[in-house]
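Please look over the chain below before reading on.

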Amino acid sequence: MIVKKAVPYLFLLVVCLTPMMASAADLGVPALTVQTQPDGSEAYTLSIQIVILMTLITLLPAGLMMLTAFTRIVIVLSILRQAIGLMQAPSSQVLIGLSLFLTFFIMAPIFNKIYDEALLPYMEEKIEMQEAFNIAQAPVREFMIAQTREVDLKMFAEISGNTEIQSPETIPFSILVPSFITSELKTAFQIGFLIYIPFLVIDLVVASVLMAMGMMMLSPMMISLPFKIMLFVLVDGWSLIMGTLASSFYV
């Protein structure tokens, strides 16, 4: 069904690219060509490289969420807001923005390494696109493997039927990505559970006191909310949460 829906769009793309290719051919510009290098590798023309880069840009949001620290951070912050009992403060936009910039902070060494070793040499035409891609994926793969549980890797390897993985460097991305995401979800909920416990204790104490006083019609949430906010402020909760999240990726 997905293939049938994609056929009209592929046809439309071909129709749109055909006049451009014809015009480029009339001008003597190789629009879509692949040249074989002396070492056996293949070099693509600039037009193909632009199409590939534009395609990768469309996948950037998904990659940012699924291949970085973003997932763990945003889940933990969402659980924290739920534990305190504040449904709209901080707002979802604030949590996403905070998660995004904390992700950039955590991933900064990896991004800098990709820029220095892959993107900059490629922009200076010192290496080809394929080599730049291989160099860029190495630090990302190293980060993901360090955060992925072995049991998750084994599970997805068995599901895919690929049980002959000899080393972490040979793990295909089709197995590494779902394993990494699963491990991140587990870690995020573990951290969220530990955060939830102190606030749950406050709710239980307040509910018990109200019941003992016979004030069962009064909502315990209304009374416990100020105490939970006060506790979170007194222990400098935001610094503890941010520090814990950042350090959890370097253990």
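How many residues does helix α6 have, and how far does it reach from its first C-alpha to its last? The model is a predicted one. In it, helix α6 covers residues 129-147, which makes 19 residues, and reaches 28 Å, close to the 27 Å expected at 1.5 Å a residue. Several residues of α6 are buried, among them Met129, Ala132, Ala136, Val140, Phe143 and Met144. The buried residues of this helix also include Gln137, Arg141 and Gln147.

**Overall layout**

The protein chain holds 10 helices and 2 strands. Along the sequence they come in the pattern α-β-β-α-α-α-α-α-α-α-α-α. The chain has 251 residues, and 30% of them count as buried. When contacts between residues at least 6 apart in sequence are taken, 65% join residues at least 24 apart. The accessible surface of the chain is about 16,400 Å², and carbon and sulfur atoms account for 72% of that.

**Salt bridges**

The whole structure contains 4 salt bridges. The table lists three of these pairs with the distance between nitrogen and oxygen.

| Salt bridge | N to O distance |
|---|---|
| Arg72 and Glu184 | 2.5 Å |
| Asp152 and Lys186 | 2.8 Å |
| Asp203 and Lys228 | 3.3 Å |

In the salt bridge of Arg72 with Glu184, Arg72 belongs to helix α4 (residues 70-84) and Glu184 to helix α8, and the pair links distant parts of the chain, 112 residues apart. Arg72 and Glu184 are both buried.

Asp152 is buried, with a relative accessible area of 2%, whereas Lys186 is partly exposed at 34%.

The salt bridge between Asp203 and Lys228 links helix α8, where Asp203 sits, with helix α9 (residues 220-234), where Lys228 sits; the two residues are 25 apart. Lys228 counts as buried because its relative accessibility is 0%.

**Aromatic pairs**

There are 6 aromatic pairs in the structure. One of them joins Phe101 and Phe104 edge-to-face, with 6.2 Å centre to centre and 85° between the planes. These two residues are 3 apart in helix α5 (residues 92-123), so they are separated by about one helical turn. Phe101 is exposed, with a relative accessible area of 60%, and Phe104 is partly exposed at 35%.

**A buried leucine and a surface patch**

Apart from neighbours within four places in sequence, Leu245 is in contact with Ile73, Val76, Leu77, Leu102, Ile106 and Ile191. The C-alpha atoms of Leu245 and Ile191 are separated by 8.7 Å, although the residues are 54 apart along the chain.

Leu200 lies in helix α8 (residues 173-212) and is partly exposed, at 38% relative accessibility. Leu200 belongs to a nonpolar patch on the surface, together with residues including Phe193, Tyr196, Ile197 and Met213. The whole patch has about 1,000 Å² of accessible area.

Methods. Residues are numbered from 1 along each chain as its sequence is written. This is a predicted model: local features need pLDDT of at least 70, side-chain atom pairs count only at pLDDT 80 or more; totals for chains, interfaces and linings use all residues. Side-chain values use heavy atoms; hydrogens and water are left out. Helices (H or I, at least four residues) and strands (E, at least two) are DSSP runs, numbered from the N terminus. Buried means under 20% relative accessible area, exposed over 50%, partly exposed in between (1.4 Å probe, protein chains only). Contact means heavy atoms within 4.5 Å. Accessible areas come from the Shrake-Rupley method with a 1.4 Å probe; for residues, only the protein chains shown count as cover. The expected span of a helix is 1.5 Å times one less than its number of residues. Patches are made of residues with over 30% relative accessible area and no salt bridge: like charges are joined within 9 Å, nonpolar side chains (Val, Leu, Ile, Met, Phe, Trp, Tyr) within 5 Å. A salt bridge is a side-chain nitrogen of Lys or Arg within 4 Å of a carboxyl oxygen of Asp or Glu. Rings of Phe, Tyr and Trp (its six-membered ring) pair if their centres lie within 6.5 Å; planes under 30 degrees apart count as stacked, over 60 as edge-to-face and the rest as tilted.
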